[in-house]
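Dear colleague,

Please find below the structure that I am handing over to you. My findings follow directly after it.

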Amino acid sequence: MANRERRILIVGAGPVGLAAAIEFTRRGYRPRIVDMAPGPPPIAESRALAINVRSLDLLEPAGVTARILAEAVQVREMRMFANERALLTVDTTQVNGRFQGMHVLPQGRTQRILLEQFSQFGMKPEWSTAFQGLSGQGDNRKALLKLSDGAGVEVGFDMLVGADGAHSLVRKAAGLEFPGNALAETFHLVDYRYANEIDTSFIEAHFYGPGVMGRLPVDSRTLRFVSTLADFRDRIHHPARIEEIPWEAEFRVSFRHVDPMARAGVFLCGDAAHIHSPIGGRGMNLGFEDACWLAWLVSEGREAEYSDLRLPAVRRVLAETRRNTGMALMRNPVALAARNVLMPMLGGLPWLRRQGVRGALGLDTPSPPWLA
Ligand SMILES: Cc1cc2nc3c(=O)[nH]c(=O)nc-3n(C[C@H](O)[C@H](O)[C@H](O)COP(=O)(O)OP(=O)(O)OC[C@H]3O[C@@H](n4cnc5c(N)ncnc54)[C@H](O)[C@@H]3O)c2cc1C
């Protein structure tokens, strides 16, 4: 059986590091979690919105899901259009299980819920505490931390969990490569807050030839538009008077993952281990899976299996996201015409439709055995 006295150091108190900290704690461990930021990022600058059914299942035993559901907006439909013509509507509530449909909650709110739930165990992250590298060898390895008062300390650990995001220093210190490639396109993001409540029950993807624009709810009065088109603002049909633009940003997209996901007592979770396009809303959700699987495996004394068990799920999600992103960004006129004809036909086939919904809800990765 696993030794609950193990010294577990988690680097990164983003959503994935916090989920790992909660899962370890509820299983009887006392992890130390550090983050170089002074606190969680502003809610207005929330990257992730979509929380899928797999995450709701995984986070339920810790009491997180009930709190997410109390605040989140349920998205019932995904609607796809090509040049303003309706191609396909998918009902995301048609799955068996305790939870249905995609839920949307700004990442900043999700992080605060995780922090509040962690505090129920009498625990909190150490903010303004940066991981700077590793020293020593074998059992004498230490993490170098720069504390909030500027002092540097060496900290011994039995397990180091790198949940420190896409530019992970833990990954670099463990000597793990992050191979992959970046897309040429720049993505533009704008959140509009409206004067009245709006219909938040659906997500839309508008395909153009070429280019894509997505419309997602952020909350009951805010919509997010994400596009590869420089003139996308001219294509938006606003549902109400704009009151404010809480956030706008531009970002590039890369597809990368580590292999293996662990080495010599260092385990990578979330964006530190894999990054891909936000189309499909899977990055944070996949990171929640990593965190929950890792804590379970450690509690079973089976952490040596972590990388082998997680990599197939990571590869699958990256391949699916790459396919969906490729379909949204295609440029060849013949391919565009074929997509616009085939999508409604294939989407009408019950088996393919069911598979599509299961993927959108994160149910295409292995079921957590501890929840069976
Ligand atoms: C526009 C956009 C939309 C997205 N939408 C979705 C979505 O709808 N659904 C979804 O699932 N995913 C989505 N994602 C992806 C999602 O945002 C990420 O997958 C998620 O934030 C990863 O969480 P994380 O905890 O692994 O990393 P991060 O959120 O990056 O957190 C890493 C933490 O580590 C800390 N840190 C970094 N270096 C150090 C260090 N040296 N020492 C100490 N601390 C350190 C940072 O301060 C930070 O707090 C989206 C991404 C983008 C860009």
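A backbone N or O atom of Leu-49 is 3.0 Å from an oxygen atom of the ligand, which places the pair among the polar contacts (N or O atoms within 3.5 Å; within protein, one must be able to donate a hydrogen and the other to accept it, and residues adjacent in sequence count only if both atoms are side-chain atoms). The side chain of Asp-271 has a polar atom 2.7 Å from an oxygen atom of the ligand. In Asn-285, a side-chain N or O atom lies 2.9 Å from a ligand oxygen atom. The ligand taken alone exposes 1000 Å², of which the protein buries 87%; accessible areas come from the Shrake-Rupley method with a 1.4 Å probe, and for residues only the protein chains shown count as cover.

Please note that this is a predicted model, in which local features need pLDDT of at least 70 and side-chain atom pairs count only at pLDDT 80 or more, while totals for chains, interfaces and linings use all residues. Residues are numbered from 1 along each chain as its sequence is written, and side-chain values use heavy atoms, with hydrogens and water left out.

The shell around the ligand has 29 residues, and Asp-35, Ala-50, Phe-131, Asp-271 and Met-284 come nearest (a residue is near if one of its heavy atoms lies within 4 Å). The elements that give two or more residues to this shell are α1 (15–26), β8 (130–135) and α6 (283–299). The largest share, three residues, comes from α6.

As to the chain as a whole, its secondary structure comprises nine helices and 19 strands (DSSP runs numbered from the N terminus: helices are H or I, at least four residues; strands are E, at least two). Its C-alpha atoms fill a box of roughly 60 × 40 × 40 Å along the principal axes. Of the 372 residues, 53% count as buried (under 20% relative accessible area; 1.4 Å probe, protein chains only). The chain exposes about 16200 Å², with carbon and sulfur atoms supplying 52% of it.

Phe-99 lies in the loop between β6 (85–91) and β7 (102–104). Phe-99 is buried, because its relative accessible area is 8%. Leaving aside residues up to four places away in sequence, Phe-99 touches Val-53, Leu-56, Asp-57, Glu-60, Thr-65 and Leu-69 (contact means heavy atoms within 4.5 Å).

With kind regards

Methods
Buried means under 20% relative accessible area, exposed over 50%, partly exposed in between (1.4 Å probe, protein chains only).
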